[in-house]
Amino acid sequence: MTQNAALDILKTGANVFLTGEPGAGKTYVINQYIAWLEAAGLSVAITASTGIAATHIGGMTIHSWSGIGIRDTLTPYDLDKIATNEKVSRRAKKAHVLVIDEVSMLDGKILDMVNLVLKTVRQREEPFGGLQVVFVGDFFQLPPVTRQGDSMLYSFQSRAWSDSLPLTCYLSEQHRQEDNLFLGLLKSIRQNQVEEDHYTLLGEQTSISYENIEPTKLYTHNADVDTFNNQKLRELNGHAKTFRMHGKGGRVLVESLMRNCLSPETLELKEEAMVMFTKNNFEKGYVNGTLGRVIDFDRTDGWPIVKTSDGRTIKAESTSWEVAEDGKVRATIEQVPLRLAWAITVHKSQGMSLDAAEIDLSKAFVYGQGYVALSRVRALAGLKLSGINPNALSVDPRVVAQDLRFKDDSQSAEDVFNEMSEEELLKLHGNFVKAGGGKLPKPEEVKAVEAGERVKKESTHEITKQLLLEKMSVSEIAKSRKMVESTIWGHVEDLINEEQLLRTEIAHLTPSNWEQTWPQIEKAIQEVGDEKLKPIFEYLKEKYDYDQVRLGRIYWRLTTK
């Protein structure tokens, strides 16, 4: 199926499984669809199965978005607690579409939990509470990680998947690999038909053919990654700066946090060290997996200054990871959110496209690991293989069988939609948008945004926040940032809703007559609700302007949290 055909199907609002080989353009199609949804005025929740996967699509993990967190079961108490969480409830009810990227790594049991949460929060019995759900991924890539002793369930084996009846869109174009011999090898792996000739071909890949390119090292185990990164650090000139992790709270919980944190307990850095961010902070412009190099250390507080691969400069200040229970923080750790990144694991490479990679598959231990590693590069010329074991190229026979069904389903869907006229298709698109309260966009109104740009877009809120903390007024901020005041007020509301600002930090925005104004606005909100500004404005007989009404709604939400 072509990318355009898949987009046409997505725009009907049907549940969809978007799949295809690495390089087929799954992320491109999703970015195009997200842009279309935003232009249509529909809200889309962008999630992924893992933190690293979320970085590639500019979203958050499905675990965090749905409120299930690290749970692997849902008790009635858990479900009630999640359903009454204001943040979870607000975003679940606001969304029209839910995208779940790298669905191959999401255990079917977790998908069933997400389905149950959304049905409960949205109070609708349709699958996923009536949201359009878009699964994105390739089951030949890494499977779900389960705890020792637990059985693994692919997401396509879950009840939620079968109930949602997704149409399969199997992309057939190829935009990453440019080497027919290499493509043939990858196809043979997908069909579980690897032969001796394929191993001979890989055995000949002993060097990178490109000049002036430092290949990224891919290993299957963290220990090998750490050894190589530490060696590269020692080779750099200059003195290393050391950043140590600190924790407080229950010993067992602190140790658990330290063990699962992607940043090391002792982090040594030098200028020119290649690093990766280990936590999401959309306001500051980085996410878990953002790559860059240390270019300096702040002269005042010593924090590393990182220049990212897309040219942005970020000060990597210490941050915290916490364990909370019943609303109370039980343990917390603090560390700079970085780790060395000359080498990364195959697991963290999924979704990346590399010019050159040196790959060690001598310790491959799970289905799909070899396939993911090899398919990161575009051609054999960019591949150096330093080791391989006999099982490294194995794929799960269950996936091979299911993949044939996915291809048949995709062809059936394509046949049905090919029979539709352009007018019929546009009508389906219009009905979907209208049902969500949006408006069908014109082609020139749709502007696709890459994941990295989406992060930059989020970081604009942090700039507004810093100016507010400097006690600047909304009009002053709008003037300095060359924006309209309504945009800045929108930033203020978003920052309040995300608990990034305190009431005391916006006190300077209140007008001198606020003590007289606030009770009247409060009464209006009690009568007509706080969902929309216009009913409040009209209830007050247009006595106060929209900025004052908006400020009143902000205060209302602060006092009712």
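# Exercises on rings, strands and helices

Phenylalanine 406 has a relative accessible area of 4% and is therefore buried. Here buried means under 20% relative accessible area, exposed means over 50%, and partly exposed lies in between (1.4 Å probe, protein chains only).

The model is predicted: local features need pLDDT of at least 70, side-chain atom pairs count only at pLDDT 80 or more, and totals for chains, interfaces and linings use all residues. Residues are numbered from 1 along each chain as its sequence is written, and side-chain values use heavy atoms, with hydrogens and water left out.

## Exercise 1

**Task.** Classify the aromatic pairs that phenylalanine 17 forms with tryptophan 161 and with phenylalanine 406.

**Solution.** 

Step 1. A pair of aromatic rings is described by the distance of the centres and the angle of the planes. Rings of Phe, Tyr and Trp (its six-membered ring) pair if their centres lie within 6.5 Å; planes under 30 degrees apart count as stacked, over 60 as edge-to-face and the rest as tilted. The structure holds 22 such pairs.

Step 2. Helices (H or I, at least four residues) and strands (E, at least two) are DSSP runs, numbered from the N terminus.

Step 3. For phenylalanine 17 and phenylalanine 406 the centre distance is 4.7 Å and the plane angle 55 degrees, so this pair is tilted. Because phenylalanine 17 belongs to strand 1 and phenylalanine 406 to helix 15, the pair ties together parts that are 389 residues apart in sequence.

Step 4. Phenylalanine 17, at 0% relative accessibility, counts as buried, and tryptophan 161 is buried as well. One aromatic cluster contains these residues, formed by Phe17, Phe128, Phe135, Phe139, Tyr154, Phe156, Trp161 and Phe406.

## Exercise 2

**Task.** Describe the position of strand 4 in its sheet and state which of its residues are buried on each face.

**Solution.** 

Step 1. Strands of a sheet pair through backbone hydrogen bonds, either parallel or antiparallel. Two strands pair if DSSP finds at least two bridges between them. Six strands form an open sheet with parallel pairing, in the order 3-2-4-5-1-6. Strand 3 (60–61) and strand 6 each have a single partner strand, so one side of each is left without a neighbour in the sheet.

Step 2. Strand 4 (residues 97–101) pairs with strand 2 (residues 44–48) in the parallel sense over five bridges. Valine 44 has valine 97 as its bridge partner, and threonine 47 has isoleucine 100.

Step 3. Four bridges join strand 4 to strand 5 (residues 132–136), again in parallel. Here leucine 98 stands opposite valine 133.

Step 4. In a regular strand the side chains alternate between the two faces of the sheet. In strand 4, Val97, Val99 and Asp101 are buried on one side, and Leu98 and Ile100 are buried on the other.

## Exercise 3

**Solution.** 

Step 1. Methionine 276 faces leucine 291 in strand 12.

## Exercise 4

**Task.** State whether threonine 559 is buried, partly exposed or exposed, and locate this residue.

**Solution.** 

Step 1. Threonine 559 lies in helix 22 (residues 546–560).

Step 2. Its relative accessibility is 41%, so threonine 559 counts as partly exposed.

Step 3. Leucine 502 is 57 residues away from threonine 559 along the chain, and their C-alpha atoms are separated by 11 Å.
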